[in-house]
Amino acid sequence: MEAEGVRTDRLGLLIDQFDLAREMAQVRLTGLGDEEYLWEPVPDCWSIRRRGEATTPRAFGPGEWVLDQGEPQIPANEYAEVARQAAGGMTVAKIADDWSVSVERVEQILAHTGPPEPDEAPVTTIAWRLGHLHFCFAGQWEWTFGGRRQEPKLLVDFTPSAAVAVERFLALIDRWRDSVAAITDEELDTIGFSQYPYGSDPDDPYVAVLSGSNLEFIHHMAEIALLRDLWRARFTAPG
């Protein structure tokens, strides 16, 4: 169904939202150079690094360059999602497994106890944000439309070349979008249509998974756009 040329069916809304975000992403990624791509605005950023130079304990990737990943944590802005999962009937053990944290940490969050400072997400480079998105969409495609057997952390060969990273990422999300556009209403409502192993995909109807994927794409691209703005203004003297 359409209203004044706008699709109003569930899949149409999600596809149109993704397409607009994809269009804006390409604009904001145009002209990205290697130095800007790897720029660390503060010390100890998460980024991509040569395997032998990784400083985070769980950095991953199949090749010479790996994506930083630290000890498991739940950022403070995700506490509401933890509460939603619990209210929806997920056990504390399952929530802990989804977030790769301890049962005790989930219990602290749900009880509003624990350390006085919330778990904080690290500051990251553009390379990390783009690599994270690439890893997530590659894994979701494999575990929804692919063979559902390859480890997501081994699907993306991270690269220090901004141009190569952007080209590969845009090609990947275009393939993902084409696959999503072909699904049926029944598949939208199917719980476990995506079996992506990192997160709650196997427990959710696919329409909810798609909505979450769009949000992931939008918020990480917004952060990349901000980092590009900061890079451009980094030597600008105050007014």
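Lys and Arg count as positive here, Asp and Glu as negative, while His and the chain ends are left out. Each charge is placed at NZ of Lys, CZ of Arg, CG of Asp or CD of Glu. Colour those residues: the protein has 21 positive and 40 negative charges, and their mean positions lie 4 Å apart.

A quick note before you go on: this is a predicted model, where local features need pLDDT of at least 70, side-chain atom pairs count only at pLDDT 80 or more, and totals for chains, interfaces and linings use all residues. Residues are numbered from 1 along each chain as its sequence is written, and side-chain values use heavy atoms, with hydrogens and water left out.

Now switch to cartoon view. You'll find nine helices and four strands, taken as DSSP runs (helices H or I, at least four residues; strands E, at least two) and numbered from the N terminus. Follow the chain from the N terminus and the order is β-β-α-α-β-β-α-α-α-α-α-α-α.

Then select helix H7, residues 162–181, and pick out Ser-179 in it. Is Ser-179 buried or exposed? Its relative accessible area is 17%, so Ser-179 is buried (buried means under 20%, exposed over 50%, partly exposed in between, with a 1.4 Å probe and protein chains only). Across the protein, 42% of the 239 residues count as buried.

Last stop: show the side chains of Trp-141 and Phe-145. Ser-179 is in contact with both, leaving aside its neighbours within four places in sequence; contact means heavy atoms within 4.5 Å.
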